[in-house]
Amino acid sequence: MYQNIAPWLEHVKGQTYCIVTGYSRLPVYKLNETDVIMIDSGLPREWEGIESCLDKEKLFVKAVITSHYHPDHVGNHLKLRRKYGAKLYLSPFAANAKAEPMNMLGGMVGITTYRQVQRHFGESFAPDFLIDWNAPSLEAEGVVFQILQLPGHCPEHMGFITPDNVGYVADTVLSKNIIEHLRSTFTTCVELELASKEKLTELTCDKYIVAHNAVCDSIRELAIQNREHMLERLRLLEEIADEYMDLDTLVARFLTVTNNVPDSVRKIAGTRHNLTPLIDYLMDTGRFTARAKDGFVQYKKA
């Protein structure tokens, strides 16, 4: 859920802050009164507000650490490099995704097209440093951030823990307000994402920043709620598929049952994309069966 607000700086703990936009919370770690490290950079359309917030607070961005390659997390990396000379840190997969629009399309197929990627997802760029996905920590500007491997939402999706013991969980969970109004969550691998949500229930930090869009003292309840939301969507798909049906029929029935039928091609395509990994998971775990008939793949509860 997007709100049209002027971005502002929120104190979280110690030297850890975040820029609050209408869509995200972007972590900011202060090296001193002026120099900062950002984690993620927000949507391209939010740049003017983010820039205004940084200028108002007299902050200079020395580096940007990246949780993953999606456009709402890397949308302003290049602008921060151009304005401040900020060093960009990306994982190998994220770096490859941002190297060329076709690579980005590979991770977003089904919700967008090549020309939409070119128009809306920002310019391509190369990182200054690669983040070792398997490493326990990352050093940037002399400061060490712990790395949280949280795969599932997308390949090499990660969170970070700041020196103030503030955990940034990126998109592994969404805020309560968002999850309650969501048709279905964007995921790449349901099995890994369920495990990552479970992993967060055992995480012990003093504070947590959720990319979309909250700061909280405990992540356990939110992680459980997000995990249950995904499990409920799996159960609903099983309930709906009481007879063989093709993917588009299954999506249409899902939207009807959830009383949330959009009138947008992009939104329906997005729901189709988001449900496909859930169907794959149901197939993997033997809860769905499939057949080929009349040129269609049809699914049914096993």
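Me: Is Phe288 buried or exposed?
Reply: Buried: this is a predicted model, and Phe288 comes out at 4% relative accessibility.

Me: And Tyr299, buried or exposed?
Reply: Tyr299 is buried too, with a relative accessible area of 15%.

Me: How do the rings of Phe288 and Tyr299 sit, and what type of pair is that?
Reply: Their centres are 6.3 Å apart and the planes meet at 35°, so the pair is tilted.

Me: Which strands does that pair tie together?
Reply: Phe288 belongs to strand E15 (residues 288-293) and Tyr299 to strand E16 (residues 296-301), so the pair links parts eleven residues apart in sequence.

Me: How many aromatic pairs are there?
Reply: The count is five aromatic pairs. One of them, Tyr29 with Phe145, is edge-to-face, at 5.8 Å centre to centre and 80° between the planes.

Me: Where do Tyr29 and Phe145 lie?
Reply: Tyr29 is in strand E3 (residues 25-30) and Phe145 in strand E9 (residues 143-149), so this pair ties together parts that are 116 residues apart in sequence. Tyr29 is buried at 11% relative accessible area, and Phe145 is buried at 0%.

Me: Switching to charges: what sits over the ring of Tyr17?
Reply: The charged end of Lys30, 4.6 Å from the ring centre.

Methods
Residues are numbered from 1 along each chain as its sequence is written. This is a predicted model: local features need pLDDT of at least 70, side-chain atom pairs count only at pLDDT 80 or more; totals for chains, interfaces and linings use all residues. Side-chain values use heavy atoms; hydrogens and water are left out. Rings of Phe, Tyr and Trp (its six-membered ring) pair if their centres lie within 6.5 Å; planes under 30 degrees apart count as stacked, over 60 as edge-to-face and the rest as tilted. Helices (H or I, at least four residues) and strands (E, at least two) are DSSP runs, numbered from the N terminus. Buried means under 20% relative accessible area, exposed over 50%, partly exposed in between (1.4 Å probe, protein chains only). A charge sits over a ring if NZ of Lys or CZ of Arg is within 6 Å of the ring centre and within 35 degrees of the ring normal.
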